[in-house]
Amino acid sequence: MSTGGTRAVRLTRWGGPPVLTGLPRPVPTGEEVLVRVEAAGLCRSDLHVVDAAAGGLPYRIPFTLGHEVAGRVLQRGPRAVGPPVGERVVVYGPWGCGRCANCGAGAENYCDRRPALDRELTGTGAGLGRDGGMADTLLVPSGRLLVPVGDLDAVQAAPLTDAGLTAYHAVTSVGPALAGGASVVVVGIGGLGHLAVRILRATTAAQVLAVDVREEALALADACGAHFGTLLRPDTARVLRARTGGTGAVAVLDFVGSRSSLELAVAVLRSGGELVVAGSGGGELTVRKPGALPPGTRISLPFWGTVPELERVVALARAGALRVEVERYALSNALEAFERLRAGAVRGRAVVVPD
């Protein structure tokens, strides 16, 4: 069923480009909730989805892009739970089965049924195989996936659901190791990396060392509170080790995940250190004992974060401790935002707003 219409940025064929088109506006049934979109963030993973070859992802096309979404509850199905009509919310992006142990704990990012859902081609969540929020409205499967944001600006709120949440999840995974002003290296000061720097400064006493290939990204890291920043060069590992007193960093948060970023991470990590690979740049590590990895290295591959963590991220933003660097685009100009992101020209996060 539908009433009226909605505009949406859709992936209609693998390899793109996305298209802006009109659709009937959905009517929620059962536990579903219809959200009027106020802002939707754009992520490099959107480019990975658009550029994927047929069969490369467990999704069916067409679907609407956009997995970072803020808006207002417009309509609820008869069995809906959670925020009432009129409440301003952000949408938790990874949609699991809602019934397994991880989903019951709010960790739908690690849904136990994810492999089965992938085989069934049901999609990972909003904008990832299922209709997302780069549109005028978004149909959400359940109110359990909505987090109230109060009067937080929608353009600031939307990127918190991935860029903010994934960065927070990465930081908290190494939190116990950062006591006493230990050194942490953040590689890649883009949409996620700049928020990781801000979260580290707001929640830890760590010495934050930032690395990027762009001078403007290092300027952003400095504005976010990094204690030191350096371009990625042949001598970067030596420079960073010197900043740690020669022992190496307690943790490296890699928001790039390329061959060069992973090589740097291995070179600067201390024994017993933590390597968090949040980027999807196609790099590979050889895990061998003995091998290049420092003894005692622990490696994690974070995927988003949990609903309780998103609530804490929203609380940080509402308290003024977390601000997203954004570039704003009208929904009618969303394809320009895609091209700027592809060219590496976006400072911080691109956010699309229905116009």
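**Fold and local geometry of the predicted protein chain**

P84 is located in the loop between strand 5 (68–76) and strand 6 (88–91), where strands (E, at least two residues) and helices (H or I, at least four) are DSSP runs numbered from the N terminus. The model is predicted, so that local features require pLDDT of at least 70 and side-chain atom pairs count only at pLDDT 80 or more, whereas totals for chains, interfaces and linings use all residues. Residues are numbered from 1 along each chain as its sequence is written, and side-chain values use heavy atoms, with hydrogens and water left out.

With a relative accessible area of 42%, P84 is partly exposed; this class lies between buried (under 20% relative accessible area) and exposed (over 50%), with a 1.4 Å probe and protein chains only. Residues up to four places away in sequence aside, P84 touches V73 and R76, a contact being heavy atoms within 4.5 Å. The C-alpha atoms of P84 and L65 are 25 Å apart in space, and the two residues are 19 apart in sequence.

The protein chain as a whole comprises 11 helices and 18 strands. Its radius of gyration is 20 Å, close to the 20 Å given by the globule rule for 355 residues, so the chain is as compact as a globular protein of that length. This radius is taken over C-alpha atoms, and the rule is 2.2 Å times the number of residues to the power 0.38. Along the principal axes, the C-alpha atoms fill a box of roughly 65 × 40 × 35 Å. Of the 355 residues, 55% are buried. Among contacts with a separation of 6 or more, 69% involve residues 24 or more positions apart. The accessible surface comes to about 14,400 Å², and carbon and sulfur atoms hold 52% of this area; the areas come from the Shrake-Rupley method with a 1.4 Å probe, and for residues only the protein chains shown count as cover.

In helix 8 (residues 236–243), T236, A237 and L240 are buried. These residues cover an arc of only 95° around the axis, which puts them on the same side of helix 8. R238 and A242 are exposed on the other side of helix 8. The cover over the buried residues of helix 8 includes strand 11 (183–187), strand 12 (207–212), strand 13 (228–231) and helix 9 (259–268).

The peptide bond from G16 to P17 is cis, with omega near 0°, and P17 lies in the loop between strand 1 (2–11) and strand 2 (19–26). I61 and P62 are likewise joined by a cis peptide bond, with omega about 5°; P62 is placed in the loop between helix 1 and strand 4 (63–64). L121, although not a glycine, has a positive phi of about 60°. This residue occupies the loop between helix 3 (114–119) and strand 7 (125–126) and is partly exposed at 29% relative accessible area. W304, also a residue other than glycine, has a positive phi near 55°. W304 is found in the loop between strand 16 (298–300) and helix 10 (307–318) and counts as buried, at 4% relative accessibility.

Methods. Arc of directions from axis to C-beta.
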